[in-house]
Amino acid sequence: MELNKNNVLEKVANDLNLNDTELDSVITSYEAVGALLNNDKNITQYGDISVFPQGSIALGTTVKPLSKSDYDVDMVAFLKNSSIDLRTLKHIIGNALKNSDRYKNKIEKLPNGGKRCWTLNYKDYHMDILPCKPDLNPATYKEIDSVIATHTDDGFNFTEIYTNPKGYLAWFLDKSNSFMKESKRLFSLEKIKEYPRKTTLQKIVQLIKRHRDVYFGSLGSSAEKYKPISIIITTLAARAYFGETDLIVGLLNVVNSMNKYVSTDNNGKYAIINPVNTKENFADKWNNDALKPHYFFQWHAQLIKDVKELNTLDTIGFANKAKAIFGKENVENVYKYFGELAKSEREAGKLKMDKKTGMLNSVAGVAVTAHTFFGRKYDKE
Amino acid sequence: MIKNKGNNPSLQIFRIVSKFPDLVESHSFKQPLFVNLRIKPTEQSRTYLAQIKLTGSKKLDVLVLKPNLAKENKENKNVPHMYSLKDGRICLYLPKEIDSSDDYSVVVPWISEWLYYYEVWKITGKWCGGGHSFKRRTNE
């Protein structure tokens, strides 16, 4: 595989994925929670409950956290009963978890957890389980998979939250695959691992999320709460994506125009409406805290600047810039991989040099025959 | 007429020039015998100017003329596999791996490879191309 900008970025994005062991662990956890809820009569007396992933695991856009912080795993617990009241809905699921030996010590209580989701703390990740029910009155007929979830600050008073996890996944996959011939839909747990070879859009989202993590990481813990949430980044990026297959070109185009999809109304209120649920505004919190949009636009301006610069630099310059914006260690590991790859290709007799440019590759040209670099390891002149 | 296959130095220059015409920037069949090559080890690398010089009867020197490696490594002079950072002389092979009866054009891909690992070394601090080193006589 040639060392060029696209291949480097592809590998940077790939290395941000959960590995198979981590994914297996997440799948096991999903399945265990699903089994528990499905077997709980206090729940099933109200109707069927179906459990499925949402968020970055479902979308294929997970980005491993920078430091020791754990990662998010999102799950939906969907009860097929539109008339159940919010409080009961929230509590039958919470109680099933609290009463189980397995989960009673993992569950995160109010005020930190339990406002919208029930959060289970595992060793390397936490799982947010969203109890919800069907929304029989979606804004448009297309939003038929819309759900109603619940929000509470005190455990007694509940308000309705509108969202559409199934619809969002389908929408995002459609955007990802828009110009690809094969299109695979993912809904079930089993299919997470066979996820189609990552699409360009998924990698673009991963790289942008990583840039965000590094940027806010360098601002310190006080800026942590202003980090733009992933659903906003994912939605804007998907809207700005038009099927590019070249990763750098796609990244540049998306980054340049994603902010256009942040709307403001006549009162200056921000809106990033869920494309599959008109009742959900991902930017609602921006209207309660002006620092949120402030940091978003400040970060985004830097993102454009950084990606444009990446595009103009030569191999060494590009690498140094990539280290600065995507993380020094993981980018260095990518280049070490390419370095070692060339050596093993030479040793296998597969390394070649293009006669016209001098470029190393494994496809065509003059063979790079066996030899041993020699000389002083260091020269102190 | 050329008697020996490998021995004639200007024949070595001729071989390189005719094998890699697109890479050659300049050359000389008379003393000092040399050929300068423009090489980019990767698609987005800057273009390097390397020189294969035949000095004396059989000795083969390979240098990186541009960019000036000494200038760009002022802070860390420990550039791996160089005979002389100041001159830009790079080490591509063990003495036994090449002799005067060989076709020296085999060295050209090794130059590209050296530059490739040089770039990776600049980026990561690690030389990935393998190789031998020998200890200096002074204590290190």
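## Lining of the second largest pocket

In this predicted model, helix 12 (residues 328-347) of chain A contributes three residues to the lining of the second largest pocket, the most of any contributor. Helices here are DSSP runs of H or I with at least four residues, numbered from the N terminus. A pocket is an open set of points on a 1 Å grid over the protein atoms alone, with protein on both sides within 12 Å along at least five of seven lines, and lining residues have an atom within 4 Å of a point.

The pocket holds about 360 Å³ of space, and of its 13 lining residues A:Asp15, A:Lys64, A:Pro65, A:Leu66 and A:Arg210 are closest to the centre. The lining comprises six charged, four nonpolar and three polar residues.

## Nonpolar cores

A nonpolar core joins buried nonpolar residues through side-chain atoms within 4.5 Å, buried meaning under 20% relative accessible area with a 1.4 Å probe. The largest has 104 residues, and A:Ile208, B:Leu37, B:Leu92, B:Val107, B:Ile111 and B:Trp114 have the most contacts inside it. Its largest share, 12 residues, comes from helix 3 (residues 107-124) of chain B. Because domain 1 and domain 2 of chain A both give residues to this core, it lies between them.

A second, separate core of 30 residues includes A:Val33, A:Ile49, A:Leu89 and A:Ile92.

## Basis of the values

Residues are numbered from 1 along each chain, and chains are lettered from A in the order written. Local features need pLDDT of at least 70, side-chain atom pairs count only at pLDDT 80 or more, and side-chain values use heavy atoms.

Terms used. On a 1 Å grid over the protein atoms alone, a cavity is a set of points where a 1.4 Å probe fits but cannot get out, and a pocket is an open set with protein on both sides within 12 Å along at least five of seven lines; lining residues have an atom within 4 Å of a point. Grid points are joined across faces, edges and corners, and a volume is the space filled by probe spheres set on the points. Helices (H or I, at least four residues) and strands (E, at least two) are DSSP runs, numbered from the N terminus. Ala, Val, Leu, Ile, Met, Phe, Trp, Tyr, Cys and Pro count as nonpolar, Asp, Glu, Lys and Arg as charged, and the others, Gly among them, as polar. Buried means under 20% relative accessible area, exposed over 50%, partly exposed in between (1.4 Å probe, protein chains only). Domain bounds come from an automatic or database domain assignment.
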